[in-house]
Each structure stands twice: as C-alpha cells, then as structure tokens.
Amino acid sequence: MPIKKLRDKKKQIPKKYKEHKPKAKKKEAEGKDHGQGEKGKRAYNVLRGMHDILPREEKYWKPMFNNAMNLADHFQYGRIETPIMEEVGLFVRSLGKGTDVVEKEMYVFENDEIGRVCLRPEATASVARAFINGGMWNYPQPVKLWYWGPMFRHDRPQAGRYRQFFQVGYEILGAEDPAVDAELVLIAYNFYKDLGFPVEIRINSIGLPEERERYKAELANYYRAKKSYICEDCRKRLLKNPLRLLDCKADQCQPIKDEAPQIVDWLSDASKSYFMKVLEYLDELGVPYNLQPTLVRGLDYYTHTVFEVYPAVPSENPGEEKAQSALGGGGRYDLLVEEMGGRSTPAAGVALGIDRSVAVLKHYAEKNPLNLPKPVYDIFFAQLGDRAKGRALKMINDLRKSGMKIGFNLYKNSLKTQLELANDLKVPYALIIGQKEVQEGTIIIRDMESGIQEIVDQKKAENIVKKKLKKFDDGDK
RNA sequence: GCGGCUAUAGUUCAAUGGUAGAACACUGGUUUGUGGUACCAGUCACCUGGGUUCAAUUCCCAGUAGCCGCCCCA
C-alpha cells in the first residue's frame, strides 16, 4: 500500500518538473564495482565461455572425481597427466585437418621460441603421443591409462558448452579385442550409474578407412540423386563431409535419410563380426545400448566401434527435454599410434565431459538431494576470549591426530554464533573453552541434542569424547 | 561461425520516464558465557557506451555477456 501511494504521488509530478540533478558521470576508467574492491578500480570478469568452479559446487564435483578414480582403481588404469599445451600439428594430424575442432576451435599461440602451440582440445592425441614418447610399448600390454583435466575449444558458448571444460578419460592401448571396447562402454555406463542417474548409450561401427571411403562414396551418390529434395545444410554437407548428412534433423531430409545406405552393410565380414562380438559382450554385461547406424564421430582417428553417452530422457515427458548434447563419447582408434609415428598399436578409449555431467547431476539432485556427500564433522570447537583462543587452536591441532574431524571458527568471538555454526554442521558434541576453563584446565562438553553439558579435565577430554562418539570405540581397547 | 531471446542485490524474482522492493543468503541485536524456533535492525543491485528527453534503470541504437536454436561436440 505505501508503495502504491508513493507511485501515485510520482505520477502527479509531471507539470512541475522535479529537479533533476544530473548524475555525476562515472569516471571513464571506472568499471562496475562489484561487491568487493575499492571504488574506482575496474573489476575483471571471467573470460567468455569460461567459468569458476566455486566451493559450493564442490559437492557435485567431488563425486565426479572420486567416482572416476574408483573406477580407474577397480579396472586397473594408471593415471596419466599430459601437458595442457601441445604442438598444433599433433592435433591436426590425429583429429583430421577438416574437422571443426581443428579448423576453428583451437586456441593457437605462436612465436619463435615456442613455435606453433595450442591448448589441447582433447586428450587422446596427447595420450598416444605420451605412449610413444614414454616407450610404453615396452610395458606389459595392454597399457590402461586414465586422465582428468581441462580441455579448451574456442566454440560459441552455451549452457553445457564451455571454452574450458573438464574431461575424464580412459584409454586402453595395445589390445585389439572386443572385450576392450565393451569394457570402455561399461566404464562410461558405470560412471553415471554410480552417480545415480540413467544414461543412454548409442553405438555403431564405422569400420576401417577403406570401408568408410567406399561407403562415403556410395552415400554421396545416393544423396546426389536427390539433391533437389534435401535442405540447404545438407547440400553443403554433401560437398564437404557426406558422413554428416546422417546427422541432419530437418524434416524434409528424414525420409531420404531413412532410405539411405547404412555403413554396416559396407563393412568387411571381419569388421562386422568384431562389432557383433562387442555387442554380445554388452548384452552379457547387461549394459543397455541403442544401435545407431547414423552415428559417425567427428574425429578422423576413429575406426570400428564408436559410441556416445547421452542423458536418458525420462519417457513421461519427452517433449520437455531440450536438445541433448553428449555427455561423453569414445571408440576404437587402431591406426592413431602408428599415424603419429609409433609402432602399430591397436587402441580404444572413452572421454566423459564433467561440466555437463555436473549439470545433469544437479538436475537430478534437485528432485532427490539424498545421495550427495556432505562433509561430516564429529565435534565443534568453540572458544571465548584471547587465551582460550590460543588454547583452542593448540587443542584442535593436537586432536587432529585422533582422527576426529573438528569444525571451528576461531575468528568469531561470540559463543552464540559459534554454536550456530556447530548446529549447521550437525555435530553431536561441542567443546567449549573460555577464560575460566583455561585457568582451571578444564573444558565443557556439550551434547548438542540434549543441551546437557559436563565439565571435564582438558587432558581427558579426547578420550571422553571418543567414547561418546561410538565410531571411535575400537581404538580405545 | 550463423539466427533469435534476455540483462535489476550473493541467489531467485518484482516494480518504475522523476534513481528501486521481496524472499532466501550475509552481518549484528533481543540473550554482554550457550545453537536449533521466533522477532528486530543493517549491508549489498539497475551490464557498458551513445541517442531521444527538462529528466532514462525504464524508450531507441551499438557493444559486451548469458541463454535458446543451428553448426559441432564434452
């Protein structure tokens, strides 16, 4: 009501112009003063398409990393971290010159000293390089490696599409066996199953380069005959990259696409039976998959099995979901290591996008917040007064060895505030020490649930608290 | 890289051609040595530049950023 009144008053003003003090124009150098910072100093913004991962996000990122590491342990992958910068040529040769990633999405730097380098757009090429440089063909074969780190692509940003994003990846080099392919699909599947949300696996085989070339020619032939019926984009694709014709979503192209020749029919018997074997293993594993004859991945190094992982669309509301982008993808790359100058080494791998996975996890966590890890504290340590503060810090540090997780905030001087924090942390007990206790060599143990307090000797406090916290019982005996 | 939509507090959202409110969050108090509930108070915002106007956060244009669709992919 008061607001409305005010507004009415304002409306009456027009005739008599309210005095208008022209705003003191902001000094030119002055940017937005966002919260912190001195006046007159420009605040910097995060670069376009990049984002900070703040502590509040940790509850989503932590399970990602723990999960990734656990899977690596169970399936015996050794960790590898390769540099973020590589020679440009590494990616041009491995991913393919004509691919979007290489053609327009790489961050390239150049000068006399460093030559032409770039931020890595993906890691498989680096892993293959490291396999060669590190002489890993002398390791017991196959060599199983996993990595976790940021990748860079200068694409136009969108939700879930960043210029710096994290990937976790698993690679198996030195084995040509359908069980390898199946294991990698299994890992991707498990990764999301363990996080608690369903995914859809789409899989296909694109055979060997010769087989693919023959198929490409056939596909182009087929489309050329129908050139006048297809969309504009498809006409471009026909010239530039016929395999991409299979991705077209335009309605007018669908009937043509449905009738188009399928790559499976152009594979050799050996390629076909290899792929069948992969599928058999997946059936045996109970990993659900969708055979997708139109799936051809965008990087040149793939051979035979290729697959992608998508968030599963709940069948109740298929219309609600927006266009899906892949959470991850992978496949076999039998020719890559040799192509890069190493010995002929069959290999396969999978990479999962963490930022996108976090987004999906958040989406599910909104409905079901239960399964996210929370930091668990056993006790809270509260303090009153300077001398107590010093003693508290000392005791907290000593208690660290006990294995107890201790919450504290020595920088707040009000006991009320400290107990509030104890409450937020949901600790069962709080230890309180003040001036009096310091003098007497005692400390208060407060049961946070009942509010009952007892005063005990400081030296005995550790054992008493441990006894109360049942989980430390064993250590006492 | 192409097309469209949007831009107000830390967050989610209001209102408005006469410089702005809520909720949550944050800080403090009611209780100067005691949390969970409640009440009170306080801090914090109109993306940048130009134009129209007596007056622009509001209307127009451009830039920037975010989002959506394409392209592509993680």
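This is a predicted model: local features need pLDDT of at least 70, side-chain atom pairs count only at pLDDT 80 or more; totals for chains, interfaces and linings use all residues.
## Overall make-up

Chain A has 477 residues, of which 30% count as buried. Its secondary structure comes to 17 helices and 16 strands. Among the contacts between residues at least 6 apart in sequence, 67% join residues at least 24 apart.

## Nonpolar cores

The largest nonpolar core contains 77 residues. Within this core, L184, V185, A188 and L352 have the most contacts. The element that gives the most to the core is helix α6, residues 178–195, with 11 residues.

A188 shows which parts of the chain meet at one point in the core. Once its neighbours within four places in sequence are left aside, A188 is in contact with V309, G328, G330, V350 and L352. L352 is also one of the residues with the most contacts inside the largest core.

## Helix α6 and its partners

Two packed helices are described by the angle between their axes and the distance between the axes. For α6 and helix α10 (residues 269–285), the angle is about 45° and the axes are 8 Å apart. That angle makes α6 oblique to α10, and the crossing of the two is right-handed. On the α6 side the contact involves P178, A179, D181, A182, V185 and L186, which meet Y274, K277, V278, Y281, L282 and L285 in α10. By type, the residues of this contact are 10 nonpolar, no polar and two charged.

Helix α2 (residues 58–74) also packs on α6, at an angle of about 135° and with the axes 10 Å apart. The two helices are therefore oblique to each other. Their crossing is right-handed. P63, N67, A68 and L71 of α2 meet I187, N190, F191, D194 and L195 of α6. Six of the residues in this contact are nonpolar, two are polar and one is charged.

## Helix α2 against α12

α2 packs with helix α12 (residues 354–367) as well, at about 120° and with the axes 10 Å apart. That makes α2 oblique to α12, and α2 passes α12 in a right-handed crossing. From α2 the contact takes Y60, W61 and M64, and from α12 it takes I354, S357, V358, L361 and K362. These residues divide into six nonpolar, one polar and one charged.

An α-helix has 3.6 residues a turn, so residues three or four places apart point the same way. The contact residues include Y60 and M64 in α2, and I354, S357 and L361 in α12.

## The enclosed helix α5

Helix α5 covers residues 124–133, and seven of its 10 residues are buried, so the helix is largely enclosed by the rest of the structure. The buried residues are T124, A125, S126, V127, A128, R129 and F131. What covers them includes strands β2 (85–87), β5 (143–152), β6 (164–173) and β11 (347–353), together with helices α3 (88–95) and α11 (336–339). After α5 comes G135, which has a positive phi, near 60°.

Is F131 buried or exposed? F131, which lies in α5, is buried, with 25 other C-beta atoms within 10 Å. Leaving aside its neighbours within four places in sequence, F131 is in contact with M136, V143, L173, V337 and G342. V199 is 68 residues from F131 in sequence, and the two are 31 Å apart in space, C-alpha to C-alpha.

A130 is also in α5, but it is partly exposed, with 17 other C-beta atoms within 10 Å. Beyond its neighbours within four places in sequence, A130 is in contact with I80 and T82. E81 is 49 residues from A130 in sequence, yet the two are 9.5 Å apart in space, C-alpha to C-alpha.

Terms used. Residues are numbered from 1 along each chain as its sequence is written. Chains are lettered from A and ligands numbered from 1 in the order in which they are written. A nonpolar core is a set of buried Ala, Val, Leu, Ile, Met, Phe, Trp, Tyr and Cys residues joined through C-beta atoms within 7 Å. A residue is buried if 20 or more other C-beta atoms lie within 10 Å of its own, exposed if 12 or fewer, and partly exposed in between; C-beta atoms are placed from the backbone. Helices (H or I, at least four residues) and strands (E, at least two) are DSSP runs, numbered from the N terminus. Two residues are in contact if their C-beta atoms, placed from the backbone, lie within 7 Å. Axes are lines fitted to C-alpha atoms, for helices over the stretch in contact, and angles run from 0 to 180 degrees between N-to-C directions. Angles under 35 degrees count as roughly parallel, over 145 as roughly antiparallel, 65 to 115 as roughly perpendicular and the rest as oblique. A crossing is left-handed if the near helix is turned anticlockwise from the far one by less than a right angle, and right-handed if clockwise. Ala, Val, Leu, Ile, Met, Phe, Trp, Tyr, Cys and Pro count as nonpolar, Asp, Glu, Lys and Arg as charged, and the others, Gly among them, as polar.
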